[in-house]
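Here is a short report on one protein chain. Look at the sequence and the model first, then read on.

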Amino acid sequence: MAESIYCDYPHFNFPLSWSSNSKDFEVDEELDQSLFGGGLFYTRIEKEGATTRSVFEEIAAQGISPRDIGYCGQKDKAGITRQWFSTPKKIELGSFKILEERAGSRKLRLGDHSSNHFKMKLNADDSLNQNELNRLDHEIKKMEFIPNFFGPQRFGRNRNNHLLGTYLLKGDFDSFGKEFEKTEGKKFKHIKQIKPASLKIYYSAHQSYIFNRLLSSLEGPLPEELPLLGSRWDLEKNFKSKVEEILSPLEVGLSDYDKKEVRHWVRFGMRKSQVKLTSSLKAFQGGVEVSFSLPPGSFASVFYYILTGKVDRK
């Protein structure tokens with residue numbers, strides 16, 4: 001499990017576990033002040049145990065076209081999360097709490113926020129004595145950057161979306177169908193039955209898996225950015241050999257990304273190899289609370305893995 005997501009990247013093994021109580025995980029999305037002011041409506045919403053999509057659908061039910069609703073990204077279902085939505089008119093919500101309303105300059109798009117601030121309560125077992133707690137505090141203070149892996153959410157509840165994406169990339173629909181049926185419990189008849197949004201998720205998971213494998217294979221100082229493999233790829237010579245080595249066991253070649261039926265789904269790009277971490281630690285009876293900020297597109301679950309060696313929330 002850990003190998004398929006973080007590829008056994010070096011980590012600590014502090015005896016901590018992520019609380020299953022949704023109130024013990026909070027996410028606050030922060031917008032740059034330059035976005036405020038204008039003719040649109042920005043609404044900051046709090047949700048608990050609900051998806052961003054469910055908020056989107058309640059807004060759309062008020063007669064607002066889905067194309068006119070903007071937000072900066074999907075926020076976790078399991079937790080208390082606060083995020084902004086943009087709409088052309090004022091909204092009312094029955095299922096979610098409205099925290100703030102501001103005038104906005106334009107429709108919000110994915111990644112428009114400046115950062116996400118997290119509060120994560122972790123339960124500790126009896127082996128986290130004062131010496132271990134001091135060491136944890138020391139290591140967190142020393143940690144200025146963390147690797148910018150894609151977290152387990154990107155790979156689906158069964159952690160196999162990257163396999164589905166790989167089969168699509170190769171055009172191996174027999175293997176795709178078997179994996180799809182095992183995962184979804186539905187009969188697979190033809191690729192046309194899969195919604196475009198799901199196809200995009202599978203291809204993106206494949207991209208994320210290759211990125212994670214490449215990042216974990218590097219030694220020494222990391223380059224500022226690493227490639228997200230896709231169509232019209234442009235790889236530096238040293239990356240090209242490493243990527244080909246990763247692709248070989250999957251029976252995928254670089255030319256597969258430029259196939260007509262594939263290139264629309266996987267576009268080449270670059271992603272930071274590591275991100276700056278601003279964090280603090282507060283102990284309480286039976287555990288610790290870690291507060292930290294990360295830029296858009298980075299995963300809190302990666303920090304959890306670095307501290308504990310655990311991939312899933314347990």
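## Ground rules

Contact means heavy atoms within 4.5 Å. Among contacts in this chain between residues at least 6 apart in sequence, 77% join residues at least 24 apart.

The model is predicted, so local features need pLDDT of at least 70 and side-chain atom pairs count only at pLDDT 80 or more, while totals for chains, interfaces and linings use all residues. Residues are numbered from 1 along each chain as its sequence is written, and side-chain values use heavy atoms, with hydrogens and water left out.

## The whole chain

The chain has eight helices and 13 strands. These are DSSP runs, numbered from the N terminus: helices are H or I with at least four residues, strands are E with at least two. The radius of gyration is 21 Å, close to the 20 Å that the globule rule gives for 314 residues, so the chain is as compact as a globular protein of that length. That radius is taken over C-alpha atoms, and the rule is 2.2 Å times the number of residues to the power 0.38. Along the principal axes, the C-alpha atoms fill a box of roughly 55 × 50 × 40 Å.

Buried residues make up 47% of the 314. Buried means under 20% relative accessible area, exposed means over 50%, and partly exposed lies in between (1.4 Å probe, protein chains only). The chain exposes about 16,000 Å². Carbon and sulfur atoms supply 48% of that area. Accessible areas come from the Shrake-Rupley method with a 1.4 Å probe; for residues, only the protein chains shown count as cover.

## Two crossing helices

Two packed helices are described by the angle between their axes and the distance between the axes. Take α4 (residues 161-170) and α6 (residues 196-217): their axes come within 7 Å and cross at roughly 100°. Axes are lines fitted to C-alpha atoms, for helices over the stretch in contact, and angles run from 0 to 180 degrees between N-to-C directions. The two helices are therefore roughly perpendicular to each other, a label for angles of 65 to 115 degrees.

Residues including Leu-164, Leu-168 and Leu-169 in α4 meet residues including Tyr-202, Tyr-203 and Tyr-209 in α6. The contact residues divide into nine nonpolar, five polar and no charged. Here Ala, Val, Leu, Ile, Met, Phe, Trp, Tyr, Cys and Pro count as nonpolar, Asp, Glu, Lys and Arg as charged, and the others, Gly among them, as polar.

Helix α4 is mostly covered, with eight of its ten residues buried. Among them are His-162, Gly-165 and Tyr-167. Just after α4, Gly-171 takes a positive phi of about 75°.

## Buried spots

Thr-52 lies in helix α2 (residues 52-60). Its relative accessible area is 0%, so Thr-52 is buried. Setting aside residues up to four places away in sequence, Thr-52 touches Lys-47, Tyr-71, Gly-73, Gln-74, Lys-75, Gln-83 and Phe-85.

Leu-218 sits in the loop between α6 and β9 (225-228). At 16% relative accessibility, Leu-218 also counts as buried.

## Exposed loop residues

Which phi does Arg-232 have? The value is near 55°, positive in a residue other than glycine. Arg-232 is in the loop between β9 and α7 (237-247) and is exposed, at 76% relative accessible area.

Glu-251 has a positive phi near 60°, and this residue is not glycine either. Glu-251 is in the loop between α7 and β10 (269-272). At 63% relative accessibility, Glu-251 counts as exposed.

Technical notes: Parallel < 35°, antiparallel > 145°, perpendicular 65-115°, else oblique.
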